[in-house]
Amino acid sequence: MTKQVEVAIIGAGLAGLACAIELQKNKIDFQIYEASDGVGGRVRSDVVDGFTLDRGFQLYNPSYAEGKRLLNYQDLDLKPFTPGVAIRDGKRLRLVVDPFRSRDFRFRLLRDLPGNPFSQLGLVRYFLKYLITSDAQIATTKDISAQTSLTKSGIKGALLEKLFRPFLQGVFLESELSTSRKFLDVVLKNFLQGIPSVPAKGMQEISNQLAAKLPKEKISLNTKVLSISGNKLTTSEGEIEARKIVVATDPTTAISWLKLEPKKMYSVTTWYFKADNSINSIVKAKPILFVDAQKTGPLTNAVVITNAAPSYAPHGEVLVSASAISPNENADLSSVKKHLSHLFGVNTDNWQLIKEYKIKEALPEMTPPFSLVSSNQINKDLFVAGDHRVTSSIQGALLSGTNTATLVKVSLGL
Ligand SMILES: Cc1cc2nc3c(=O)[nH]c(=O)nc-3n(C[C@H](O)[C@H](O)[C@H](O)COP(=O)(O)OP(=O)(O)OC[C@H]3O[C@@H](n4cnc5c(N)ncnc54)[C@H](O)[C@@H]3O)c2cc1C
């Protein structure tokens with residue numbers, strides 16, 4: 001027998017969950033169908049031998065407006081990283097830290113910041129601009145690539161190659177910096193307003209907290225939607241008829257089902273290691289992101305996660321995360337360990353790999369001309385939500401879910 005539901009939401013990632021929360025607030029009945037065995041989509045964590053491992057290294061910025069609205073930060077117990085980067089530049093370690101928000105190493109900034117005084121002035125100008133730029137201005141200014149935007153502002157040469165590119169390629173998951181200037185502006189603005197952090201119990205806590213706002217029986221796990229035809233869904237568990245349908249799947253599935261403009265997906269691999277305590281002598285055991293100015297190995301970045309969140313490891317153990325983007329996502333373990341040794345300046349021979357996560361479809365591209373908000377209504381009964389509709393981020397996914405719920409509400413005449 002075909003089951004009837006008011007609103008069917010396909011996917012229990014952050015967009016699907018945010019959509020359901022907004023529908024519930026408006027007393028609109030819904031059912032979420034999720035193919036996998038848990039909620040969160042790309043924001044999930046595993047516990048392996050007592051270590052908390054996020055499925056791919058990622059951070060939450062507490063300045064995300066939609067996150068602020070939907071999440072309880074006190075319960076998340078956010079653990080901030082040092083606002084800055086440690087740049088391995090040959091034998092030299094440059095510590096570039098926001099001097100206003102961190103007392104650590106701030107006196108080293110003038111000595112360690114790469115580039116000449118002209119490009120450094122460009123950097124100051126760029127950041128000052130964000131203090132007075134509204135979101136509306138970011139959205140409407142002519143779009144160009146992040147790289148063009150930086151160089152136009154004077155951020156070039158060593159400052160671009162040793163600081164900006166190594167740092168931003170880990171955010172965009174692409175090294176050409178061909179991502180839209182709009183997303184760069186959003187990222188830098190968020191970075192000035194909040195310090196990237198992880199919840200004490202892992203990124204999955206974000207997803208769990210959202211799901212906990214919904215009745216358990218409203219989320220059907222292990223239920224894959226196989227096709228949509230009009231108002232009918234064929235799922236692995238049977239047929240469903242819905243008055244309204246929200247496709248909150250991963251971008252690739254949504255794009256192919258709804259015939260949306262194709263988007264390239266960027267990939268990343270994260271390796272988690274159990275390290276030894278010698279690493280704690282490095283940069284006074286601060287949770288700072290390491291990058292390599294000279295690209296001497298496959299890694300894009302690495303960090304001692306337990307320096308921010310000791311709760312990620314059992315009994316005072318040390319957890320290191322190391323990530324590589326294309327074309328290095330298939331790097332072999334020995335070159336990863338060798339690169340880690342160079343980055344941190346310690347012997348990594350005895351480090352044990354806990355787990356490797358290869359994420360083939362981590363982030364949808366955001367190349368110019370890019371719109372910060374795309375239409376989420378396909379026809380009168382069919383809607384779409386997901387990071388690919390706003391920005392490839394947690395904020396983007398949450399906002400998209402909420403916006404789509406509002407469209408559904410209007411289409412129901414409420
Ligand atoms: C490694 C990595 C690092 C990242 N780093 C950051 C970061 O530091 N900061 C940041 O803000 N963002 C980061 N992001 C991006 C952020 O995680 C995503 O933008 C966001 O989680 C996307 O959520 P979503 O709900 O749009 O999609 P998804 O999370 O992809 O959710 C889609 C859901 O739909 C389900 N689904 C798919 N097909 C079907 C089907 N046929 N039937 C039923 N269910 C289906 C999937 O199982 C999944 O649960 C990162 C992402 C990755 C992967």
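Modeller: A residue is buried if 20 or more other C-beta atoms lie within 10 Å of its own, exposed if 12 or fewer, and partly exposed in between, with C-beta atoms placed from the backbone. This is a predicted model: local features need pLDDT of at least 70, side-chain atom pairs count only at pLDDT 80 or more, and totals for chains, interfaces and linings use all residues. Residues are numbered from 1 along each chain as its sequence is written.

Colleague: How many residues of strand β6 are buried?

Modeller: Strands (E, at least two residues) and helices (H or I, at least four) are DSSP runs, numbered from the N terminus. Strand β6 covers residues 84-89, six in total. It is largely enclosed by the rest of the structure, because the buried ones number five.

Colleague: Which strand pairs with β6 in the parallel sense?

Modeller: Two strands pair if DSSP finds at least two bridges between them. Six bridges join β6 to β7 (residues 92-97), but those run antiparallel. Ile87 stands opposite Val291. The parallel partner, over four bridges, is β14 (residues 289-292).

Colleague: Which residue takes a positive phi in the hairpin of β6 and β7?

Modeller: Ala86 stands opposite Leu95 in β7. The hairpin has two residues between the strands. The one with a positive phi near 65° is Gly90.
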